[in-house]
Amino acid sequence: MDDFLVRALIAGIGIAAVAGPFGCILVWRRMAFFGGALAHSGLLGVAAGVLLGLSPMLALALFGVAAALVIAGAERQRSLPGDAILAIIAHTALALGLVVVSLMETVRVDLMGYLVGDILAVSDLDLIAVTASLVVGLGGLYLLWRPVLAIVVNEDLARLDGVAVGRTNAIMLMLTALVVAVAIKLVGILLVVALMIIPAGVARGLARTPEQMVLWSMAAGVLSVVSGIGASLLWDIQTGPSIVVTAAILLGVVWLPALRRS
């Protein structure tokens, strides 16, 4: 195979493997829109990275972590509902990103590439970033697995059991931001949440335990990536959207029998 295709497959499989488990956590905690807020903030990170001369993926990661901390801090105040705060931050950051990009007259930014992804243009440096996110993301999740499950079941009981809820939540938010930043390269700002949530939805229809759900989400994500890249090459369509559509088809295959029985 051509080198670009090998890099795309390696990066796609790595991103899917780390996005699935974090998608499960977002589903369990009903925080899907948090991932969307991070994704929408990504364009501002890209623009800031271009202005500062940083690698786009590095800028996405740094800005994503900063945005996660801002969102976590903003949600602590009670004057507005959490979903309203997320919507305000997400769309304000997206609008600021578009304004900054439009003002950079001497620099050309591939907006479509960042909005829907460009996995076929993965470089060796991008592969290093994907590998780092895989190690850091899954390693952090492994170390925090029991506290995270305790918080998912009941946050108040977890706090009584001695779980450092605030610290655990902050670390998980930052790790999620890192995963979102890397996954944007695969499916873009508009579809990155779908890459995390849909495989988790597939896994929920197949798993009996949290650990099984994590493994099934990884498998569903990898299958979606491989099939989506194949469909993109076969029919000459956008790779990121084809990956998400493939994942949605898997979701339908898993859940349609259950819907018919109900």
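Residues are numbered from 1 along each chain as its sequence is written. Because the model is predicted, local features need pLDDT of at least 70 and side-chain atom pairs count only at pLDDT 80 or more, while totals for chains, interfaces and linings use all residues, and side-chain values use heavy atoms, with hydrogens and water left out.

**Cavities and a pocket**

Rolling a probe the size of a water molecule over the atoms shows where empty space is left. On a 1 Å grid over the protein atoms alone, a cavity is a set of points where a 1.4 Å probe fits but cannot get out; a pocket is an open set with protein on both sides within 12 Å along at least five of seven lines, and lining residues have an atom within 4 Å of a point. Grid points are joined across faces, edges and corners, and a volume is the space filled by probe spheres set on the points. Helices in this report are DSSP runs (H or I, at least four residues), numbered from the N terminus. For the lining classes, Ala, Val, Leu, Ile, Met, Phe, Trp, Tyr, Cys and Pro count as nonpolar, Asp, Glu, Lys and Arg as charged, and the others, Gly among them, as polar.

By this rule there are two cavities of 30 Å³ or more.

| Space | Volume | Lining by class |
|---|---|---|
| Largest cavity | about 110 Å³ | nine nonpolar, three polar, one charged residues |
| Second largest cavity | about 50 Å³ | seven nonpolar, three polar, no charged residues |
| Second largest pocket | about 220 Å³ | eight nonpolar, no polar, one charged residues |

Thirteen residues line the largest cavity, and Ile25, Arg29, Met31, Met172 and Leu173 are the closest to its centre. Helix 1 (3-28), helix 7 (145-153) and helix 9 (165-187) each give two or more residues to this lining, with helix 9 giving the most, five residues.

Helix 9 also gives the most to the lining of the second largest cavity, this time four residues. Helix 2 (32-52) and helix 3 (56-74) are the other elements that give two or more there. Among the lining residues are Leu38, Phe63, Ala177 and Ile184.

The second largest pocket is lined by residues including Pro21, Tyr142, Trp145 and Glu211. Helix 6 (124-143) and helix 11 (210-235) each supply at least two of its lining residues, and helix 11 gives the most, with four.

**Helix 11**

At 1.5 Å times one less than its number of residues, the 26 residues of helix 11 should span 38 Å, and its end C-alpha atoms are 37 Å apart, which agrees. Its buried residues (under 20% relative accessible area, 1.4 Å probe, protein chains only) include Val214, Met218, Gly221 and Ser232. Asp236 follows the helix with a positive phi, near 55°.

A nonpolar core is a set of buried Ala, Val, Leu, Ile, Met, Phe, Trp, Tyr and Cys residues joined through side-chain atoms within 4.5 Å. The largest one has 71 residues, and Phe22, Phe34, Leu38, Met172, Leu186 and Val192 have the most contacts inside it. Helix 1 brings the largest share, 14 residues. Beyond its neighbours within four places in sequence, Phe34 is in contact (heavy atoms within 4.5 Å) with Leu26, Ala68, Ile71, Leu86, Leu173 and Thr176.

Ala158 sits in helix 8 (residues 155-160) and counts as buried because its relative accessibility is 2%. Leaving aside neighbours within four places in sequence, Ala158 is in contact with Ala150, Ile151, Val163 and Val165.

Terms used:
Buried means under 20% relative accessible area, exposed over 50%, partly exposed in between (1.4 Å probe, protein chains only).
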